[in-house]
Amino acid sequence: MDSNSVLEIFREITKIPRESGHEEKMTAYLQKFAADHNLACRTDETGNVVITREASAGRENVPAIVLQSHQDMVCEKNGGCDHDFAKDPINYVIEDGWMIAKDTTLGADDGIGIAASLALLASDVPSGKLECLFTISEETGMDGAKALESGMFTAKTLINLDSEDEGQLFVGCAGGIDTTAIFKYGTEKPADGSAFLKFRVFNALGGHSGDDINKERANTVQILARFLYSELPTGYQLAWMKGGNKRNAIAREAEAVIAVPSGAAEGIRARFASFADEVKAEFHRTDPDVSFEVIENEPVAECVEADVARHFVLSLMAVHHGVLAMSQDIDGLVETSSNLAAVFMNKPGEIMVTTSQRSSVESEKAFMAQKVESAFLLAGAEISHSDPYPGWTPDMNSHILAETVASYRRLFGVEPEVKAIHAGLECGLFLTKFPDLDMISFGPTLRGVHAPGEKLDLESNEKFVKLLVDVVTNFK
């Protein structure tokens, strides 16, 4: 087994539709892989799959290991891209040592973890018993991990293959919760003689709402809300607004259509141009390509009633987006944050705003969700929360941590970094069902996950594969 065998399988995975909640073809692929290699396979009612390779000869007394990854991927694409995630294979290129999907997400999060597990299952690498767990719908709420049936695996050691920085070993993560606000509204006719303008903020970097939340990237939903807030005195009427997409991705695009007195249109256009210059200057280093556009829109028949529209815009200004607190124990670790993820107007008379909160401290996670809830309640919205998922508290005395550090040192002659991560991993949920699990997480270097342009560093993938093989080979 080497990195080429892993990439060969990953290329096959890029052809399989596997958006969160629609992993059926991925599940079938895993089941067929097990059958083709004469490996035991079990699928629970939720769709989680475990494929087992029994211990190699002479390794029967070596403790078993679970290798864990998730079947689904975040499906994001650039505006104007006609890619259909339900049927089209991911288009990627190899450039400068990276495997890159230019206009969509690549799905290396966590397809490369799946590929590494399958390559190991099919190899002759000597090891103890391997139980490879592939969960569903990790990206939209960790549904598979929450519903994992007891007895799906027997091992007491788990290696999560869902990390994105080679050379870093993760032993803790944040927990999370989602908060959704619904604004119910009636409609009103646009004023006679109105001009209709569409405002767009687009081409932002976006990114992972955990890993990238501290990188000062533009949130296009909140940026557009800033402009709409500044224009409230003009008395415009809001026809519609949309922006962002997935709750765990920073919003990259947003647009709104408003009705304005025809005589005020040019002034608003000019102010938007000035606003664009100011915002570009704010993000000149962290998100330099964020773009702005205002164009004439065709007339609309109805607008959101004025009072609801005003409170909706006020709430987008008031709600927290970004870092709330940094860890007091681990330098550089974001402890608590919130992501203003998306605005949808998919149902008549209803505006939906989705957000996600994360924290490695349970009480702060609840506080962050309450802060977000409060901003929307004050604006008259109806609020709901998802089922929260727990964080994963670091265990610096972990046996698998010691084994992996020793392996990394032996292979590469340097010490790996041992860290916690602000992103959510399924490890915290596994501990609620299997409290004796000893866990670690590592993977190759990925960049731009949860956004178009996601890429995999091929050199780091070689090191990742070598480390995984060495750990399972020498584990005792």
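Helices here are DSSP runs of H or I with at least four residues, and strands are runs of E with at least two, numbered from the N terminus. With those labels, Ser-127 lies in the loop between α3 (108-122) and β6 (130-135). The model is predicted.

**Helix α9**
- α9 runs over residues 399-412, which is 14 residues.
- From first C-alpha to last, α9 reaches 20 Å, close to the 20 Å expected at 1.5 Å a residue.
- At the start of α9, Ser-398 places a side-chain oxygen within 3.4 Å of the backbone nitrogen of Ile-400.
- Gly-413 follows α9. Its phi is positive, near 75 degrees.

**The buried residues of α9**
- Ile-400, Leu-401, Glu-403, Thr-404, Val-405, Ser-407 and Tyr-408 are the buried residues of α9.
- An α-helix has 3.6 residues a turn, so residues three or four places apart point the same way.
- The strands that the buried residues of α9 pack against are β7 (157-160), β8 (168-173), β20 (417-421) and β21 (438-441).
- Those buried residues also pack against helix α11 (458-474).

**α9 against α11**
- The two helices pack at an angle of about 125 degrees, with axes 9 Å apart.
- α9 and α11 are therefore oblique to each other, since angles between 115 and 145 degrees fall in that class.
- Their crossing is right-handed.
- On the α9 side, the contact is made by Ile-400, Glu-403, Thr-404, Ser-407, Tyr-408, Arg-410, Leu-411 and Phe-412.
- On the α11 side, the contact is made by Lys-463, Lys-466, Leu-467, Asp-470, Val-471 and Asn-474.

**α5 against α6**
- α5 covers residues 220-230, and α6 covers residues 265-282.
- These helices pack at an angle of about 140 degrees, with their axes 11 Å apart.
- That angle makes α5 oblique to α6.
- The crossing of α5 and α6 is right-handed.
- α5 brings Ile-223, Arg-226 and Phe-227 to the contact.
- α6 meets them with Ile-268, Arg-271, Phe-272, Phe-275, Val-279 and Glu-282.

**The Ser-127 site**
- Ser-127 has a relative accessible area of 1%. It is therefore buried, as the cut-off is under 20%.
- Leaving out residues up to four places away in sequence, Ser-127 touches Arg-53, Ala-55, Ser-56, Arg-59 and Val-472.

Note on methods
Residues are numbered from 1 along each chain as its sequence is written. This is a predicted model: local features need pLDDT of at least 70, side-chain atom pairs count only at pLDDT 80 or more; totals for chains, interfaces and linings use all residues. Side-chain values use heavy atoms; hydrogens and water are left out. The expected span of a helix is 1.5 Å times one less than its number of residues. Buried means under 20% relative accessible area, exposed over 50%, partly exposed in between (1.4 Å probe, protein chains only). Contact means heavy atoms within 4.5 Å. A polar contact is a pair of N or O atoms within 3.5 Å; within protein, one must be able to donate a hydrogen and the other to accept it, and residues adjacent in sequence count only if both atoms are side-chain atoms. Axes are lines fitted to C-alpha atoms, for helices over the stretch in contact, and angles run from 0 to 180 degrees between N-to-C directions. Angles under 35 degrees count as roughly parallel, over 145 as roughly antiparallel, 65 to 115 as roughly perpendicular and the rest as oblique. A crossing is left-handed if the near helix is turned anticlockwise from the far one by less than a right angle, and right-handed if clockwise.
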